[in-house]
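Dear colleague,

Please find the structure below for your records. My notes on it follow.

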Amino acid sequence: MRLIERGKELTELADLLQACAQGDSGAAVISAGIGCGKTELLTTVEDLATERGFLVLRAVGSWAERESPGSVLGQLMRRADDRLGERHEIAALLDAVTRGPGAAGDEHGLGHGFAQQTLASDTTGALHRLCQEVARTAQRVPVLICVDDAQFTDSLSLYWLLQLLRQTRSMPIGLLVAECTLSKPAHPQLHAELLRQPNYRHLSLERLTKSGVTALLTDQLGPDTARSLASDYHRVSGGNPLLVRALLEDHRRAGAPLEGAAPRAPVGDAYGETVLSCIHRGRPVLLRLARALAVLGADADPGLLARLLDEDEATMSRGVFALAAAGLLTSGQLHPVARTAMLASVPPQQRAALYGRAAELLYQDGAAATRVAQLLVESEVRSGPWATDVLCQAAERHLAANRIADAHASLEAALRVCEDDHARMSIKALYASTAWMLNPSISARHLGELAVALHDGRLPHRHALPLAKFLLWHGRFDEALDAVHRIVDAPADSSAPDPATAAEIRATRELLSTTYPLSVRMSSRDGGRASRLPRRSEEDPRVLGATALSHVLAHGPDDEAVADAETALRSMRLSKSTQEWIVCATSVLEFTDRLDAAANWCDHWLEQARTRRVPLWEAEFASLRARVALRQGRPKEARRLAEAALTQVPAESWGVCIGGPLANLVHAATWTGDYEAAAAYLEVPVPHGMFRSRFGLYFLHARGCHYLQTGRPYAALDDFTACGDLMRDWDFDQPTLVPWRSESARAQLALADPVRAEELAREELALTGEGSSRARAIALRALAASSPSSARGALLTEAVTLLRDCGDQLQLACALAELSRTRLPEGKTAQARRELQAAGRLAEAAGAAPLAREISGQGFAAPLHGATVLAPPSGLELLTAAERRVAGLAAGDLTNREIAKRLAVTPSTVEQHLTRIFKKLGVRTRRQLPSASVASDQPNRRIDLMAEGQ
């Protein structure tokens, strides 16, 4: 691999070789950060010297051998060729140096550094003879001695090098020493001696510039890619050539970037491993420093590092400088990938101890609770009141900032260190709360202990209502009721809560009563369910939202409830203390047919939930948005959203609320004709307690619709009836929630009971009132289906108008298709065709394949994409019995007189019948009339459209 941006240095070293070849001595020191190319440059010079006939002696220092006397000297001698002398003689001299008395320690030899100590005579004699061997060789051939990583050279080898320099100053011997910039200067005596040498050079290798990185990338990636990536590679690598090559390896492993993706350096395992390798090549203190930097992050400064590692501050400053000089730090910090790799390389116990010590130091320095807690979470601190207090403070701040996962981690650590039982219960209650938002299944394991603690008085009552929510979610109704009663049925003489607490209590009670109506009833002092809405100016927005929903469920759609819900939505920010009430307020818009507004608010909150990274919030808003999409007649979108909800929170973690997402999936799959998938969704195990919640209504409704569409009207009627029974028991009997009577009417029609179907439809219509609503339109469709044909047109016309207003595209398609059939007896063929074609387009756009096929088979509509094209009907069902007989005979080529004679009527009567027949069927000649066999055998045709939507 060619050298980049090293031309000047290479020229200077080539000049030094030239001087040595001409009989002069010379020396050079190459200094560089770790991985910045000193070894490559040294290797290039060695190869050049070999080409020019030099005897090259090579050695590499290492930290592990720095205490081994003569380790570098041994490498220099043993790697030489025969020109240096007889190998056995050299080996004997080395043996005398490394094994002789005084060679191995401080007592008789040099030991650590250049202490003024006396070498044994055998050792000095062997060292002098080795110098003489090199000097004798230099009289015949120039010699180049190269020592890489000289900062780790052992003291005995350094002594020999110094003696050689002093004895051979006028001989053709060159010395190249390469060293890394480390935490403290390496061998100042050697540097001082080198300064006395003729032709001395000190070369400092800088990191690559952006142009140098571009040139290096060009060799591997080509010019165009190199130019686009150079800036990012230079930023991440700091211009360190070794790190650039590591990033190239990550680039190779990552493969081609996605089309349209911004060009950037893929930082992966190769980069992290290379950074680790670079740091391990330094002194151990450098490794310890890097670990401390990884732990402290942005908090690291030389003073804190020195206290953490029990080192002097100057050493820490030099170490930070050394790492920065190598491009391993950016703004004093490791790259996140390098930081992760560094922490993973530390043994777990050492890592935990380092985190614990760092947390204690930052706490002593008055650092923010969230920062200290971050370190405590990773530590093994097991006790200490200060740690518990810090972790709880941090959890509160994380919750206020909607950092739920961080709060959860802080509370988990607090449970580990807290030793007070009462305090532990409060911490565990908060811990269960954060766990519930991340995954409700995590909180379930703590609920029993908390319920017992509340009952025994070891858990403060302020945790009762949140605990009740979790218990109800998991279907533990008896324990939940006990928790609720501790607040709702508090003694009359007890001290009144502050306004904020009172508002939260009321908001929570309203919330629970709308979701679990059978299990949570308002206390007797409240007189049952609220019959009026609170004054907007005086109420907490959570109370407004929950009370508005309670009002709609009990009394039906209401403009004042809508206003309260919108006020609540505008007043709340998504947080732990508002999320459930935001769902309530948005549901008000859904149930009052403000579907576009509900969809917009859902999208807004869904994005907010994603930003805050709270899985449960994201799942609940996705499920709510799916329900709205179904009411808009968009089953494909609803299915996508419902599947996303179950991806965020798995089915087993939804508790009794699983009825919501499952109902959405069943409805969507049924509408789109994926009956197998709908059946599979219905096989998902659900808790029995689900049917004691509002979500059980959604599930019964969806299952009934699926049964009705797949030819099981008795099962469907059972589900619709069960749904109605629950709604009446809970005082939720509003068609806007679930139009169970309209659905039951459809089932009764399938069971050939039009009288009962009409009764149910009329009951539903009366409940919906005279206003414009989706529920009224569904009831009108059901009534039209069970009414005489003469009454259907007006009912369906009103239904179409209402559905256009509310925006349910699939219900509108059904109503248009049904309305088109009423036009034909009136002779309004063109209008019927337009309505049927519009219905077909709506069904196809929504992905409702069964409905699209039914409409396509009804006639007039152009064949729909993906639909089975059925033979067009004869149209004879539009004719009276007398007209069908006339049409059949006329199609058999009989004249008017022959038909009149056959039917015992006058020819003018036949002529009048034919005029009406031609008009109804839209034909002009007898040849266009259906055949006689069709006329006599044509059954009454009907479109068995899907049961109404949600």
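A contact here means heavy atoms within 4.5 Å. Among contacts between residues at least 6 apart in sequence, 69% join residues at least 24 apart.

This is a predicted model, in which local features need pLDDT of at least 70 and side-chain atom pairs count only at pLDDT 80 or more, while totals for chains, interfaces and linings use all residues. Residues are numbered from 1 along each chain as its sequence is written, and side-chain values use heavy atoms, with hydrogens and water left out.

Of the 950 residues in the protein, 55% are buried (under 20% relative accessible area; exposed is over 50% and partly exposed in between, with a 1.4 Å probe and protein chains only).

Aromatic pairs number 9 (Phe, Tyr and Trp rings, the six-membered one for Trp, with centres within 6.5 Å; planes under 30 degrees apart are stacked, over 60 edge-to-face, the rest tilted). Tryptophan 436 and tryptophan 473 form an edge-to-face pair, at 5.3 Å centre to centre and 85 degrees between the planes. Their pair links distant parts of the chain, 37 residues apart: tryptophan 436 is in helix α20 (residues 421-438) and tryptophan 473 in helix α22 (residues 464-473); helices are DSSP runs of H or I, at least four residues, numbered from the N terminus. Tryptophan 436 is buried at 6% relative accessible area, and tryptophan 473 is buried at 3%. Trp436 and Trp473 also belong to one aromatic cluster with Phe470 and Trp654.

Yours sincerely

Notes: Helix = DSSP H or I, 4+ residues; strand = E, 2+ residues; numbered from the N terminus.
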